[in-house]
Amino acid sequence: MREGIARLLTEAGYEVVAQAGDADALLRKALAHHPDVVVADVQMPPGRGDDGLRAALELRRQRPETGVLVLSQYYEDEYALELIGERPEGVGYLLKERVGDVEAFVQAVARVAAGGSALDPEVVARMLGRRRASGPLDSLSPRERDVLAAMAEGKSNHGIAETLVVTDAAVEKHVTSIFHKLGLGPTQTEHRRVLAVLTYLRGP
């Protein structure tokens, strides 16, 4: 899979400066090459537990300016939340199956490299579902829930508009309403609004 991802990224116009077969090599090479973004597998040798995730977390600690996109075989919201921490800038968490959607995967890499966020739709959906009975989310309309999910995935207002086939103005109206209903201060900075949404979703 590593070779396949490298080929996809190369064909998309990215320069792949290094590949790593285990978590230790991933961290070492990432620190040496200063890439814009690193794509890591949660399960990497030597332990094949969460070694890749641990390497990604350490990389974020040492090089916060480097984007990190982590791929996982299975949905684990704990991994996603640990990776995001209190700083969702330049971070992504996708299920491996998303790599098959080449355009979406490349867009996710680009978003993370540029300092944005990219969360797997299934992760977001389960977060939303887990909090469903907690109160404030119930006040959102079905369309607002769709917009909230897209926001949490890291999409811009224009990206949300394209996904939901509505106007940018309609999305802005929904976003304003969502922030009001959830008691979150609106902001024009995308990563801050993603943090606000995720902070709410992962609450008690």
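View 1. K96 sits in the loop between β3 (91–95) and α5 (102–113) of a predicted model, in which local features need a pLDDT of at least 70 and side-chain atom pairs count only at pLDDT 80 or more, while totals for chains, interfaces and linings use all residues. Residues are numbered from 1 along each chain as its sequence is written, and side-chain values use heavy atoms, with hydrogens and water left out. Helices (H or I, at least four residues) and strands (E, at least two) are DSSP runs numbered from the N terminus. With a relative accessibility of 17%, K96 counts as buried, where buried means under 20% relative accessible area, exposed means over 50%, and partly exposed lies in between (1.4 Å probe, protein chains only). The side chain of K96 makes a polar contact with the side chain of D41 at 2.6 Å; a polar contact is a pair of N or O atoms within 3.5 Å, of which, within protein, one must be able to donate a hydrogen and the other to accept it, and residues adjacent in sequence count only if both atoms are side-chain atoms. Not counting residues up to four places away in sequence, K96 touches M1, D41, L71, S72 and Q73, contact meaning heavy atoms within 4.5 Å.

**View 2. Ser72 in strand β2.** S72 is found in strand β2 and is buried, with a relative accessible area of 4%. Although S72 and K96 are 24 residues apart in sequence, their C-alpha atoms are 5.5 Å apart in space. When neighbours within four places in sequence are left aside, the contacts of S72 are V42, Y93, L94, L95 and K96. A polar atom of the S72 side chain also lies 2.6 Å from the backbone oxygen of Y74.

View 3. Five of the five residues of β3 are buried, so the strand is largely enclosed by the rest of the structure. In a regular strand the side chains alternate between the two faces of the sheet. Here V91, Y93 and L95 point one way from β3 and G92 and L94 the other way, and all are buried. Strand β2 (residues 67–72) runs parallel to β3 and is joined to it by five bridges, two strands being paired if DSSP finds at least two bridges between them; L69 has G92 as its bridge partner in β3. β3 also pairs with strand β4 (residues 117–119) in the parallel sense over three bridges, and there the bridge partner of V91 is S117.

View 4. The buried residues of helix α4 (residues 77–84) are D77, A80, L81, L83 and I84. Seen down the axis of α4, these buried residues fall within an arc of 160 degrees, so they line one face of the helix; the arc is that of the directions from the helix axis to the C-beta atoms. Just after α4, G85 takes a positive phi of about 55 degrees.

View 5. The peptide bond from P45 to P46 is cis, with omega near 10 degrees, and P46 is placed in the loop between β1 (37–41) and α3 (51–62). H34, in the loop between α2 and β1, has a positive phi of about 50 degrees although it is not a glycine. V165, in the loop between α8 (157–164) and α9, likewise is a residue other than glycine with a positive phi, near 55 degrees, and at 71% relative accessibility V165 counts as exposed.

**View 6. Ala169 in helix α9.** A169 belongs to helix α9 (residues 168–182) and is exposed, with a relative accessible area of 53%. The C-alpha atoms of A169 and N157, which are 12 residues apart along the chain, are separated by 8.9 Å.

**View 7. The chain as context for the close-ups.** The chain contains 10 helices and four strands, and buried residues make up 46% of its 204 residues. The mean pLDDT of the chain is 86, and 86% of its residues reach 70 or more, pLDDT being the predictor's confidence in each residue, from 0 to 100. Among the elements, helix α10 (residues 190–201) has the lowest mean pLDDT (64) and helix α2 (residues 23–33) the highest (97).
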